[in-house]
Amino acid sequence: CFHASSQVWARSDGPLGLQTAKRIYVKRGGNQLPAGAPYARRNVPAKCNPDKTIEIFEGMTLVELAKRTGRSVSSLQDILTNVGEKVQSEFELLSMDIAELVTMEAGINVKRLHSAEGAEILPRPAVVTVMGHVDHGKTSLLDALRQTSVAAKEAGGITQHIGAFVVVMPSGASITFLDTPGHAAFSAMRARGAAVTDIVVLVVAADDGVMPQTLEAMSHAKAANVPIVVAINKCDKPGANSEKVKMQLASEGLLLEEMGGDVQVVEVSATEKIGLDNLEEALLLQADMMDLKARIDGPAQAYVVEARLDKGRGPLVTTIVKAGTLVCGQHVVVGSQWGRIRAIKDMAGKLTRRATPAMPVEIEGLRGLPMAGDDVIVVHSEERARMLSSGRQRKYEENRLRNMIQDKPTTSDDSKEVPQWVEMPVIVKADVQGTVQAVTDALKTLNSAQVFVNVVHVGAGPISQSDLDLAQACGACIVGFNVKSPPTALSQEAARAGIKIVLHRVIYHLLEDIGNLIIERAPGTSETHVAGQAEVLNIFEIKGSKSKGPDVKIAGCRVIDGSVTRSATLRLLRSGEVVFEGLCTSLKREKQDVDSVKKGTECGVVINNWCDFQIGDVIQCLEQVIRKPKFIKSESGAVRIEC
């Protein structure tokens with residue numbers, strides 16, 4: 001107004017000079033703030049959305065991140081300030097680590113999208129995962145390919161870990177193989193194998209055909225969009241029927257080459273080493289068709305296949321590099337753990353300075369043990385690794401507590417009765433992290449309406465004093481799978497404290513033992529059973545008096561099945577229909593009071609508050625029986641508790 005012309009002053013309706021602006025009040029959540037009042041920043045906690053997952057990539061802006069998270073740019077800038085990062089503009093490019101850190105602080109899950117662009121993209125070996133039903137010869141087939149004997153060393157003769165190794169074929173080409181277990185309890189391991197692989201070799205026994213884990217392996221491969229090569233094993237056996245197997249696979253939706261599809265089928269024998277050349281040719285042909293290439297330069301992207309705890313070397317992680325080059329001395333974040341790579345070893349145990357794509361290696365130097373299936377991320381500094389690791393640990397702990405609350409059975413507050421289920425706390429220790437997850441998942445499948453299996457702690461490595469202290473504090477049972485027996489002093493202390501330690505090396509025996517333990521702890525279901533039946537043959541009446549009481553009618557019976565007990569409840573049936581139920585007042589045999597009468601014996605019965613007996617009535621003796629749950633094991637190896 002002060003710089004306006006005289007014409008503008010003339011159009012002004014009000015008096016000249018400064019005017020005080022009217023305050024307009026806006027109601028927001030019950031707090032009335034004047035619209036013209038200065039902005040004051042308030043610490044409003046962001047709403048956590050644990051089910052939401054967004055995709056992040058290298059070089060995204062703060063505006064793009066705000067759109068994907070559904071948060072305002074100012075709130076994300078506050079988070080950046082809190083974590084010690086400075087962003088000059090909302091259009092400044094963010095690194096993927098910072099984007100993940102901000103997103104986790106906002107309470108949202110993230111999925112990293114890595115770019116395949118690089119200065120040097122070269123062909124790489126194929127990663128092949130061998131899958132199939134238990135005892136169909138997967139490990140034996142790999143033994144024949146690499147001229148070793150691993151299957152003979154496995155406990156129980158079945159594979160219970162994921163094995164990764166490189167096989168140099170007679171043609172000179174190298175292929176990275178992953179061997180997965182076939183038991184039903186290791187479903188998560190097979191899913192991890194399918195997620196990291198290029199080709200799936202589906203092993204089917206010619207004398208057994210398509211089985212449940214065969215179908216599950218097919219579904220894992222289809223979900224990961226991975227091509228399948230079928231290897232029909234044990235073709236040398238007398239009962240082998242390859243054509244039947246092919247028809248079964250075709251009926252399950254697998255389009256074989258012989259039937260106009262694109263799935264190659266090879267007939268092999270691992271023990272007689274028949275058809276191995278044809279299998280090698282099929283795998284190399286499939287790899288050539290896929291034209292597998294990867295970025296060689298830049299930071300590595302790797303995938304955790306297995307993790308274990310070594311007494312002298314600490315956490316050891318078996319990884320397969322997907323892109324880039326993993327170099328010794330780099331700072332990495334693996335899941336919620338971080339560290340600096342101290343050493344890299346190949347599958348032959350030789351030290352190497354770097355790992356290239358499709359190369360399985362074992363790294364050491366992490367501060368903790370990651371989960372199998374985690375991604376390996378290379379960061380440029382130790383500080384960044386610490387921040388990213390702590391943020392992921394908080395997120396992991398929140399999700400773990402939330403899942404624990406959701407999985408736990410609830411009882412209504414209105415009912416004041418004692419709940420009909422009990423909690424069974426369990427501590428799981430195994431040799432490697434992947435097996436820990438498999439055993440934990442298998443134990444959770446044994447949950448029933450009567451017993452809730454609460455896994456309070458898991459870990460890789462031998463049973464320690466801290467495990468014993470935790471078990472004593474919460475009354476837990478310690479489950480050790482493929483671990484050494486605890487020292488004698490520790491075992492004696494556990495026996496004195498009444499702590500049960502279950503040690504097994506075969507998953508069949510472990511699940512059966514825990515299933516029997518669950519059945520013992522289950523409260524059971526109370527049911528009414530008919531313990532015996534008696535037929536009314538005659539009716540006797542005893543006149544009462546003032547001293548003896550009212551008239552009493554006695555049913556003269558013969559027990560025709562089971563036995564009749566005086567302390568039981570009796571049910572009177574007439575023409576097959578229930579007439580009355582009541583307590584037994586008197587039970588006599590040959591004028592003597594008895595507690596029970598067995599089959600074929602005559603007796604006299606008096607039922608409380610009932611005297612209308614008729615010849616031909618049937619009296620049933622009822623008893624309350626506690627029925628325990630049943631441990632059921634299917635042919636595929638899957639187990640469950642049936643109440």
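1. Helix α2 (residues 62–69) packs against α3 at an angle of about 110°, and their axes are 9 Å apart. The model, please keep in mind, is a predicted one. Since angles from 65 to 115 degrees count as roughly perpendicular, α2 and α3 are therefore roughly perpendicular to each other. On the α2 side the contact is made by Leu62, Val63, Leu65, Ala66 and Thr69, and on the α3 side by Val73, Leu76, Gln77 and Leu80. Sorted by class, the contact of α2 with α3 has seven nonpolar residues, two polar ones and no charged ones.

2. Next comes the other partner of this helix. The axes of α3 (residues 73–82) and α4 (residues 96–105) come within 10 Å and cross at roughly 110°, which makes α3 roughly perpendicular to α4. Here α3 contributes Leu76, Ile79 and Leu80, while α4 contributes Ile98, Val102 and Glu105. This contact of α3 with α4 has five nonpolar residues, no polar ones and one charged one.

3. Now to the strands. Is β23 mostly covered or mostly open? Strand β23 (residues 375–379) is mostly covered, with four of its five residues buried. Strand β15 (residues 301–310) pairs with β23 in the antiparallel sense over three bridges. Strand β18 (residues 331–334) also pairs with β23 in the antiparallel sense, over four bridges.

4. A point on the aromatic rings: how many aromatic pairs are counted? The count comes to one aromatic pair. Phe580 and Trp610 form that pair, and the arrangement is stacked, with 5.0 Å centre to centre and 15° between the planes. Phe580 lies in strand β31 (residues 577–589), whereas Trp610 lies in the loop between β34 (602–607) and β35 (618–627), so the pair ties together parts that are 30 residues apart in sequence.

5. The relative accessibility of Phe580 is 21%, so Phe580 counts as partly exposed; the cut-off for buried is under 20%.

Notes. Residues numbered from 1 in each chain as written. Predicted model: local features only at pLDDT ≥ 70, side-chain atom pairs only at ≥ 80, totals over all residues. Heavy atoms only, no water. Axes fitted to C-alpha atoms, helices over the stretch in contact; angles between N-to-C directions. Helix = DSSP H or I, 4+ residues; strand = E, 2+ residues; numbered from the N terminus. Parallel < 35°, antiparallel > 145°, perpendicular 65-115°, else oblique. Contact = heavy atoms within 4.5 Å. Nonpolar A, V, L, I, M, F, W, Y, C, P; charged D, E, K, R; others polar. Buried < 20%, exposed > 50% of the residue type's maximum accessible area, 1.4 Å probe, protein only. Pairing = 2+ DSSP bridges. Phe/Tyr/Trp six-rings, centres within 6.5 Å; stacked < 30°, edge-to-face > 60°.
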